[in-house]
Amino acid sequence: NCDENVEGKMANFTLYLLRHGESVANVERVFAARKIDPPLSDTGIQQITMQAKSLRDLSLSSRFEFSALYASPLLRAKHTAEIVSQWCGLEPIFSEDLMEVDVGILDGENQEDPVKWAMYENVMKKWEQGLHNVGFQGGESLNDIEFRFGRFLEELEDDKYEAALLVV
């Protein structure tokens with residue numbers, strides 16, 4: 001729940017995050033960001049269908065309701081949002097600012113390759129140490145991601161929604 005953003009403009013606004021269902025890349029243990037755009041697996045479709053039903057039931061049983069449904073345009077998030085839309089009645093709005101982290105040269109590579117995994121872990125550790133300008137080779141830094149998401153929040157602020165569901 002964001003009572004206020006950094007600039008004090010988003011009073012009483014709530015964002016809910018929903019991770020996309022299991023993708024084919026999750027099953028295959030492959031880094032998937034942008035270069036490869038895998039669909040949901042059968043399990044992922046089942047996961048999201050159950051989640052969407054739960055969200056619908058929650059909104060029917062209380063005064064809880066989403067004002068908007070936003071999603072990344074990547075296939076796995078797009079499909080997730082379309083399933084949620086069928087159960088919750090909101091038309092998804094797709095934003096490139098919600099795309100997954102661009103992992104650069106790791107995109108499409110096997111996560112079980114120890115060298116590739118070490119490259120990924122190295123960037124994560126740097127971010128945890130506060131080095132937000134460090135990024136993936138050929139990809140994004142945490143500063144880049146923060147900029148994208150900040151831009152999305154600025155656009156969202158103009159829409160005056162009370163509660164939005166973000167599918168990423």
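**Stop 1: the aromatic cluster**

Begin by selecting W127. W127 is buried, at 11% relative accessibility. Buried means under 20% relative accessible area, exposed means over 50%, and partly exposed lies in between (1.4 Å probe, protein chains only). The model on your screen is predicted: local features need pLDDT of at least 70, side-chain atom pairs count only at pLDDT 80 or more, and totals for chains, interfaces and linings use all residues. Residues are numbered from 1 along each chain as its sequence is written, and side-chain values use heavy atoms, with hydrogens and water left out.

Now show the aromatic side chains. Rings of Phe, Tyr and Trp (its six-membered ring) pair if their centres lie within 6.5 Å; planes under 30 degrees apart count as stacked, over 60 as edge-to-face and the rest as tilted. How many aromatic pairs does this rule give? The count is 8 aromatic pairs.

Take F31 and W117 from that set. Their ring centres lie 5.9 Å apart and their planes meet at 20°, so this pair is stacked. Colour by secondary structure next. Helices (H or I, at least four residues) and strands (E, at least two) are DSSP runs, numbered from the N terminus. F31 sits in the loop between α1 (24–28) and α2 (42–61), while W117 belongs to helix α4 (residues 114–128). The pair therefore ties together parts that are 86 residues apart in sequence.

Is F31 buried or exposed? F31 is buried, with 4% relative accessible area. W117 has 34% relative accessibility and counts as partly exposed.

W127 and F136 make an edge-to-face pair: the centres are 5.7 Å apart, and the planes are at 80°. F136 is buried at 6% relative accessibility, and W127 is buried at 11%.

Select F31, W117, Y120, W127 and F136 together. These residues form one aromatic cluster.

**Stop 2**

Keep F31 in view, in the loop between α1 and α2. Select R29, which has its place in that loop as well. R29 has 36% relative accessibility, so it counts as partly exposed.

**Stop 3**

Select residues 163–167, strand β4. Of its 5 residues, 5 are buried, so β4 is largely enclosed by the rest of the structure. Show the side chains. A163, L165 and V167 point one way from the strand. A164 and L166 point the other way. All of them are buried.

Which strands pair with β4? Two strands pair if DSSP finds at least two bridges between them. Select β1 (residues 14–18). β1 pairs with β4 in the parallel sense, over 5 bridges. For a landmark, select T14, which stands opposite A163 in β4.

Then select β2 (residues 68–71). β2 and β4 run parallel and are joined by 4 bridges. Here, pick Y70: its bridge partner in β4 is L166.

**Stop 4**

Step back from T14 to F13. F13 has its place in the segment before β1. F13 is buried, with a relative accessible area of 3%. F13 and E157 are 144 residues apart in sequence, and their C-alpha atoms are 9.1 Å apart in space.

**Stop 5: helix α5**

Select residues 142–159, helix α5, and find E146 in that helix. E146 is partly exposed, at 41% relative accessibility. From C-alpha to C-alpha, E146 and D97 are 9.8 Å apart, while 49 residues separate them in sequence.

**Stop 6: a charge over a ring**

End at F94, in strand β3 (residues 92–94). F94 is partly exposed, with 34% relative accessible area. What lies over the face of F94? Select K78, which lies over that face at 5.6 Å from the ring centre. A charge sits over a ring if NZ of Lys or CZ of Arg is within 6 Å of the ring centre and within 35 degrees of the ring normal.

F94 and A81 are 13 residues apart in sequence and 9.1 Å apart in space, C-alpha to C-alpha.
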